[in-house]
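Work through these exercises with the structure open beside you. Try each task before reading its solution.

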Amino acid sequence: MSHSEPKATAASDVTRVASLGGGVIGQSWTALFLAAGTSVTVFDPDPRAEQRVRQAVDTAWPVLTQLGLTAHGDPGALHFTKDARTAVEGAQFVQESVPEQLGVKHELYAAIEPALDDGTVVASSASGLTLTEMQGGWHDPGRFVLGHPFNPPHLIPLVEVMGNERTASGTVERARTFYEAIGKVTIEVRREVPGHVANRLQAALWREAIHLVNEGVASVEDVDTAVAAGPGLRWAAMGPTMLFHLGAGDGGLAAFCERYADSFNRWFDSLGRPHLDGPTAERLVEGLRPISEKLSVDNLAQQRDALITSMIALARSSRKSPPNAR
């Protein structure tokens with residue numbers, strides 16, 4: 001590669017992080033970085049950002065403590081600035097979570113690039129923009145990667161990391177090492193596609209859920225229940241291909257494909273292709289009304305986070321104590 005390569009930075013050497021953007025994603029990242037024991041400087045020009053971020057950190061801290069992630073953390077190691085250059089000065093890792101407007105991101109990258117230390121990695125949380133599009137805001141994008149979390153980042157372990165031919169050697173690996181050191185689970189996106197990996201998977205499932213509702217096969221609530229009480233529980237443990245590998249006994253995936261190919265091909269051929277148009281959105285909203293009228297979004301989010309926290313804690317405990325452990 002013809003770029004200047006960032007100096008290697010071990011995850012244990014990351015003591016200062018810049019969190020650019022104090023919205024929902026940036027708030028969540030900030031809480032996690034603080035829990036990991038780094039000092040965090042948040043950049044956001046909105047005068048209300050500091051209050052929102054501090055409140056989000058206070059809310060997230062008990063959950064992070066329950067997951068055992070705050071042993072080295074200090075919620076007081078939090079700083080704010082309305083100047084992006086100031087935020088990144090001295091930071092060993094930068095997480096960018098500003099609005100997904102290409103012009104806004106390019107302007108920010110141009111402002112911070114001269115102020116970055118040689119070894120600093122910059123990762124973008126972007127879900128809708130591609131790495132190639134965002135690289136246009138850099139003079140030398142060798143230090144810049146995609147670091148897309150799954151919302152909320154302080155709770156859901158997944159981070160999708162991506163570089164390309166313009167990314168300096170070792171940058172993706174350093175980003176993954178840092179994320180994994182603070183408790184994340186990373187995958188590498190090897191080729192650029194809209195939505196990366198996880199968003200495409202959930203879009204595919206939701207598309208069929210919408211199709212089933214549109215065709216009158218089941219109600220919105222029952223389709224959601226079918227996922228949450230059925231395959232969703234298995235998917236929390238393993239991915240679909242591994243689960244099907246287990247589904248045919250000793251024969252494994254090869255036997256499963258041989259046994260069920262005709263059934264799956266028939267299902268594949270009959271999957272729907274709905275569009276999220278006005279009438280479809282109205283039908284979905286109406287389907288959720290019996291629940292949404294009883295419970296607020298905040299109440300439902302608290303239920304979601306409590307369940308996810310319990311599942312993550314149980315999964316971590318199980319990994320530490322395998323079934324045959326005595």
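**Exercise 1: Helix 7**

Helix 7 (residues 198-214) counts 17 residues and spans 24 Å from first C-alpha to last, close to the 24 Å expected at 1.5 Å a residue. The expected span is 1.5 Å times one less than the number of residues. Helices (H or I, at least four residues) and strands (E, at least two) are DSSP runs, numbered from the N terminus. This is a predicted model: local features need pLDDT of at least 70, side-chain atom pairs count only at pLDDT 80 or more, and totals for chains, interfaces and linings use all residues. Residues are numbered from 1 along each chain as its sequence is written, and side-chain values use heavy atoms, with hydrogens and water left out.

Task: find the buried residues of helix 7 and what covers them.

Solution. Step one: buried means under 20% relative accessible area, exposed over 50%, partly exposed in between (1.4 Å probe, protein chains only). Step two: the buried residues of helix 7 are Ala 198, Glu 208, Ala 209, Ile 210, His 211 and Val 213. Step three: their cover includes strand 7, helix 8 (220-228), helix 11 (252-270) and helix 12 (278-292). Step four: look just past the helix, where Gly 216 has a positive phi of about 75°.

**Exercise 2: Backbone exceptions**

Task: locate His 196 and state its phi.

Solution. Step one: His 196 sits in the loop between strand 8 (185-188) and helix 7. Step two: its phi is near 60°, a positive value in a residue other than glycine. Step three: most residues other than glycine have a negative phi, and most peptide bonds are trans. Step four: His 196 is buried, with a relative accessible area of 5%.

Task: which two residues does a cis peptide bond join?

Solution. The bond joins Asn 151 and Pro 152, with omega about 0°. Pro 152 lies in the loop between strand 6 (144-149) and strand 7.

**Exercise 3: The largest core**

Task: name the residues that touch the most other members of the largest nonpolar core.

Solution. Step one: such a core is a set of buried Ala, Val, Leu, Ile, Met, Phe, Trp, Tyr and Cys residues joined through side-chain atoms within 4.5 Å. Step two: among its 35 residues, Leu 64, Phe 93, Phe 178 and Tyr 179 touch the most other members. Step three: the elements giving this core two or more residues include helix 1 (24-35), strand 5 (121-124) and helix 6 (171-181).

Technical notes
Contact means heavy atoms within 4.5 Å.
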